[in-house]
Amino acid sequence: MKMISRRDFLKASAVVGAAGVLTACGGSSASTAASSTAASAAASSTAAASGSANIGVCIYQFADNFMTLYRTDLEEYLKDMGYAVTIVDGKNDQNTQTEQINTFLQQGVDVLVINPVQTTSAQTIVDTIKPSETPIVFINREPDKSVLDSYADKCCYVGADARQSGTYQGELILETETQGDINGDGKITYIMCKGDPENIDAQYRTEYSIKALTDAGKEVECLYEYLDNWDQTTAQQDVANALAQYGEKIEVVFCNNDAMALGALQSLQQAGRTVGKDVYLVGVDALSEAVQNVVDGNMTGTVLNDDVGQATAAAAATKLYVEGSKVEQYYWVDYVKVTKENAAQYIK
Ligand code: GAL
């Protein structure tokens, strides 16, 4: 069931500025975010018939639930603008994506939108594209600022600040009846299902979900961090193993995304555990299935990773490049905490 229309959602989505410098305790790198301006051009459905352009879009892998929503939105908005759009599947392989970029360059596309397979390859990607002077809109996987600086005025990043999503996950646990300490032993005992370890979203969500707890003065105990690469089946297996190993000790299951949370939920239910009663479970993305589970009380909460807002901003930045207008270096889109109380409106 669709509670609010895509257009309404689009109009409501705001692109906000964010700034900050933080050092992660888990060894992840510091990052600086510059400010951005509001970008709403994509909301306009007026086709730029005379300003037609060819846009190449490289997605890290099609087999990713969240990026499937994102690329579907992006394709729609770019086509609404009157552009010819080609979207390719990097199949989670950087070599494949690099070949795809080279093909787009040979075809002479006007703008490239890139969701890199490896953010560590972003500099090589920029160096490959630079001689052609083709502008780049990086999305979803944030490259180092130095990479953007190396191609100033021709390169920007559209994304969401993953620290915010991690903080919201921690807050969701603090808002529960027992504040995460179900057995009342004075500490929150948890397992963590992590996304791709080189991905800043995975690093920050892992760090900031726990930081929210410790900042609130809570004692925490991590039983294990599982490397589940954003994948439902992998998380399902790892959580089944965790339940066999740690059993009742597990009070909270943190998942860096909803796909993994859905896998975790299957294993929790199979083990006879009840979310909200003897365990808590949180994810990120607000996939429809996860939001439905929040409504039904099978997940403690999730965090909206605003695919519509991000695709809107990415399309708007693309349009600015096509028109030769000034483009900011960063465009940030807010996350939204999704609880049982507000969940219904996020079912798409
Ligand atoms: C994250 C999202 C994950 C996955 C990842 C890919 O922002 O939460 O589900 O799509 O991006 O980089």
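Is Cys155 buried or exposed? At 4% relative accessibility, Cys155 counts as buried. The model behind that value is a predicted one. Before more side chains, consider the chain as a whole.

The chain has 348 residues, and 54% of them count as buried. Its secondary structure comprises 11 helices and 15 strands.

Confidence is lowest in strand 2, residues 21-22, where the mean is 22. Confidence is highest in strand 11, at 99. Over residues 1-50 the pLDDT is below 50. That stretch still has 111 contacts in the model beyond near neighbours in sequence.

How many aromatic pairs does the structure hold? There are 7. One of them joins Tyr190 and Phe254. Their ring centres lie 5.6 Å apart, with 90 degrees between the planes. This pair is edge-to-face. Which strands do the two residues come from? Tyr190 belongs to strand 9 (residues 187-194), while Phe254 belongs to strand 11 (residues 252-255). The pair therefore ties together parts that are 64 residues apart in sequence. Both partners are covered. Tyr190 counts as buried at 5% relative accessibility. Phe254 is buried too, at 0%.

A second pair has another geometry. The ring centres of Tyr330 and Trp332 are 5.5 Å apart, and their planes meet at 10 degrees. Why is this pair stacked? Planes under 30 degrees apart count as stacked, and the angle here is 10 degrees, so the pair of Tyr330 and Trp332 qualifies. Tyr330 is buried, with a relative accessible area of 0%. Trp332 is buried at 3%. Ring pairs also bring in Tyr157, which forms a cluster with Tyr330 and Trp332.

Rings also take part in contacts with charge. The charged end of Arg71 sits over the ring of Phe62, at 3.7 Å from the ring centre. Arg141 lies over the face of Tyr60. There the distance to the ring centre is 3.7 Å.

Tyr60 leads on to Thr96. The C-alpha atoms of Thr96 and Tyr60 are separated by 9.6 Å. Along the chain these two residues are 36 residues apart. Thr96 is found in helix 3, residues 94-107. It is partly exposed, with a relative accessible area of 25%. Which residues does Thr96 touch, leaving aside those up to four places away in sequence? They are Asp89 and Gly90.

Asn92 lies in the loop between strand 5 (84-89) and helix 3. Its phi is near 55 degrees, a positive value in a residue other than glycine. Asn92 counts as partly exposed, at 42% relative accessibility. Gln179 gives another case. Its phi is near 55 degrees, again positive in a residue other than glycine. Gln179 sits in the loop between helix 6 (162-174) and strand 9. Gln179 is partly exposed, at 33% relative accessibility.

Now back to the cysteines. How many disulfides does the structure hold? The count is 0. Cys155 is in no disulfide. Its nearest cysteine sulfur belongs to Cys156 and is 6.8 Å away. Cys255 is in no disulfide either, and the nearest cysteine sulfur, that of Cys193, is 4.0 Å away. Cys255 is buried, with a relative accessible area of 0%. Cys155, where this account began, is buried at 4%.

Methods: Residues are numbered from 1 along each chain as its sequence is written. This is a predicted model: local features need pLDDT of at least 70, side-chain atom pairs count only at pLDDT 80 or more; totals for chains, interfaces and linings use all residues. Side-chain values use heavy atoms; hydrogens and water are left out. Rings of Phe, Tyr and Trp (its six-membered ring) pair if their centres lie within 6.5 Å; planes under 30 degrees apart count as stacked, over 60 as edge-to-face and the rest as tilted. Helices (H or I, at least four residues) and strands (E, at least two) are DSSP runs, numbered from the N terminus. Buried means under 20% relative accessible area, exposed over 50%, partly exposed in between (1.4 Å probe, protein chains only). A charge sits over a ring if NZ of Lys or CZ of Arg is within 6 Å of the ring centre and within 35 degrees of the ring normal. pLDDT is the predictor's confidence in each residue, from 0 to 100. Contact means heavy atoms within 4.5 Å. A disulfide is a pair of cysteine sulfur atoms within 2.5 Å.
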